Amino acid sequence: MTAQVHAKHILVKTEDEANAILFDVKHGKTFEDLAKQKSICPSGKDGGDLGWFGRGMMVREFESAAFALKKGEFSKPVKTQFGWHVIKVEDVK
């Protein structure tokens, strides 16, 4: 079986917004609540949950960041054509 990641993300329009989300997460706010409040992606209503995905299923920048993280880690802001993402890896298999 190829590697897979179960990830959540919060998509916002600017790097400043993404950095503010990281600050909030590091200071006790839950990732899922922030996703529901701030994400412009439809997955926001589900706490940013993207489920399991393998390589080749996401845009390159997002995939590279997600597969570089370990379970429970957050990414720095990641820029894609959709905006700025903060990624949280729930699990890896």
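Trainee: Is the crossing of H1 and H2 left-handed or right-handed?

Mentor: First, a word on the source: this is a predicted model, where local features need pLDDT of at least 70 and side-chain atom pairs count only at pLDDT 80 or more, while totals for chains, interfaces and linings use all residues. Residues are numbered from 1 along each chain as its sequence is written, and side-chain values use heavy atoms, leaving out hydrogens and water. A crossing is left-handed if the near helix is turned anticlockwise from the far one by less than a right angle, and right-handed if clockwise. For H1 and H2, the crossing is right-handed.

Trainee: At what angle do they pack, H1 and H2?

Mentor: Helices (H or I, at least four residues) and strands (E, at least two) are DSSP runs, numbered from the N terminus. Axes are lines fitted to C-alpha atoms, for helices over the stretch in contact, and angles run from 0 to 180 degrees between N-to-C directions. With axes 10 Å apart, H1 (residues 15-26) and H2 (residues 31-38) pack at an angle of about 150 degrees.

Trainee: How many residues of the contact of H1 with H2 are charged?

Mentor: Contact means heavy atoms within 4.5 Å. Ala, Val, Leu, Ile, Met, Phe, Trp, Tyr, Cys and Pro count as nonpolar, Asp, Glu, Lys and Arg as charged, and the others, Gly among them, as polar. From H1, Ile21, Asp24 and Val25 meet Phe31, Leu34 and Lys38 of H2. These residues divide into four nonpolar, no polar and, for the charged ones, two.

Trainee: How many residues apart are lysine 8 and glutamate 32?

Mentor: They form a salt bridge (a side-chain nitrogen of Lys or Arg within 4 Å of a carboxyl oxygen of Asp or Glu), with the closest N and O atoms 2.8 Å apart. Lysine 8 sits in strand S1 (residues 4-12) and glutamate 32 in helix H2, so the pair links distant parts of the chain, 24 residues apart.

Trainee: And is lysine 8 buried or exposed?

Mentor: Buried means under 20% relative accessible area, exposed over 50%, and partly exposed in between (1.4 Å probe, protein chains only). Because its relative accessibility is 11%, lysine 8 counts as buried.

Trainee: Which residues do salt bridges that share partners join into one network?

Mentor: Glutamate 90 and lysine 88 meet in a salt bridge at 3.3 Å, N to O. Salt bridges that share partners join this pair with two others, giving one network of Lys8, Glu32, Lys88 and Glu90.

Trainee: What covers the buried residues of H3?

Mentor: In helix H3 (residues 60-68), the buried residues are Phe62, Glu63, Ala65, Ala66 and Phe67. Their cover includes S1, strand S2 (49-54), strand S3 (78-80) and strand S4 (83-92).

Trainee: Which residues do ring pairs link into a cluster?

Mentor: Rings of Phe, Tyr and Trp (its six-membered ring) pair if their centres lie within 6.5 Å; planes under 30 degrees apart count as stacked, over 60 as edge-to-face and the rest as tilted. The whole structure has three aromatic pairs. One of them, phenylalanine 31 with phenylalanine 74, is tilted, at 5.7 Å centre to centre and 35 degrees between the planes. Ring pairs also link a cluster of Phe53, Phe62 and Phe67.
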